[in-house]
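Here are some friendly notes to read beside the picture. Take the points in order and find each part on screen as you go.

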Amino acid sequence: MIIIGIAGGTGSGKTTVVNKIIDSFPAGEVSVIPQDSYYKDSSHIPPEERSKINFDEPAAIEWTLLVEHLKQLKEGKTIEMPTYSYITCTRQPETVTVKPTDVVIVEGILVLTEPSLRNMMDIKCFVDADADDRLIRVIARDCVERGRTPEIVIHRYQDVLKPMHMQYIEPSKRYADLIIPQGGTNTVAISLLTDYIYGRLKKIHKSK
C-alpha cells in the first residue's frame, strides 16, 4: 500500500488533483480519506456557537482516529470512516466503508501539519494556488454547498482562513516532496506524480 498526502490551501484545487489521480488508475485501486471527515464532533456546543468554530487549525481534527484508521488499512482491515456535516457542524451517525487498496490518498488543508500522519505518508504533495483564485473558489463552493452568503465567506476568509493559512498551511509546504502549482490544471506535475506511484507499486508487487 502507498499512502499519499495531498495538502494545500482552501480552494487550491486539491480535489481536482485527487480526481485526476483516481482517473489514472483502474476502478477500485485508489481510496480517498478526506481530512474533513475527521473534524471533531461539535454536537455538545450550542448551535449558535458552532458557526464560530475554527476549522482551519490542527486542533479541530481528531488526528488519533485518522492515524488509527490508516494503520488498520495498512494491516488489510476495512474501516468505517466518519462523516461530518458543515451545515450542522456535527459528526453524522452515518459512516463510509473503506476497504484497503493499493493506493490511499489522505487529502486536506492540514494533513502535512501533523507529524504522526506525515510519518505514515510515502509521498507528500502540496497543491499551490494564487490567493485570489482560492478566494473565488471558496466563495463559489461555500455559497452552494454550505449555505453561506458571499459576505459571510469574505469575512471568514479575512478573519480566519487567511491568518490560519499563513500560520499553519503555508508553512507545511516545506514538508512536501512535490509542490503542484496551478492545482488540477498542472498536467505535467500530475503526470509525474502518477508515474511515480505506478513505479512504486511495481516495486511493491515484485517484492511480494
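**Notes on the model**

1. Let's begin with helix 7, residues 187–207. This helix has 21 residues, and from its first C-alpha to its last it reaches 30 Å, close to the 30 Å expected at 1.5 Å a residue. Please keep in mind throughout that this is a predicted model.

2. Which residues of helix 7 are buried? They are A189, I190, L193, T194, I197 and L201. Looking down the axis of helix 7, you would find its buried residues within an arc of 130 degrees, so they line one face of the helix.

3. Now turn to the other side of helix 7. There V188, L192, D195, K202, K203, K206 and S207 are exposed. The buried residues, in contrast, pack against strand 1, helix 1 (14–23), strand 5, strand 6 (123–128) and strand 7 (178–181).

4. In soluble globular proteins, nonpolar side chains tend to be buried together. Here the largest nonpolar core has 32 residues, and I33, L70, V106 and L117 are those with the most contacts inside it. Strand 1 (2–8), helix 3 (63–74), strand 3 and strand 5 (103–107) each supply at least two residues of this core. Helix 3 gives the most, with five residues. Another core, of 19 residues, lies apart from this one; I2, V18, V103 and I105 are among its members.

5. What is L117 in contact with, once its neighbours within four places in sequence are left aside? The list is W63, L66, V67, L70, V106 and V111.

6. Strand 3 (residues 79–85) and strand 4 (residues 90–98) run antiparallel, and seven bridges join them.

7. Finally, the cysteines. C89 counts as buried because its relative accessibility is 6%, and C125 counts as buried because its relative accessibility is 0%; the cut-off for buried is under 20%. How many disulfides are there? The count comes to zero, where a pair of cysteine sulfur atoms would have to lie within 2.5 Å to be included. As a reminder, a disulfide is a covalent bond between the sulfur atoms of two cysteines.

Terms used. Residues numbered from 1 in each chain as written. Predicted model: local features only at pLDDT ≥ 70, side-chain atom pairs only at ≥ 80, totals over all residues. Heavy atoms only, no water. Buried < 20%, exposed > 50% of the residue type's maximum accessible area, 1.4 Å probe, protein only. Pairing = 2+ DSSP bridges. Helix = DSSP H or I, 4+ residues; strand = E, 2+ residues; numbered from the N terminus. Core = buried A, V, L, I, M, F, W, Y, C linked by side-chain atoms within 4.5 Å. Contact = heavy atoms within 4.5 Å. Expected span 1.5 Å × (residues − 1). Arc of directions from axis to C-beta.
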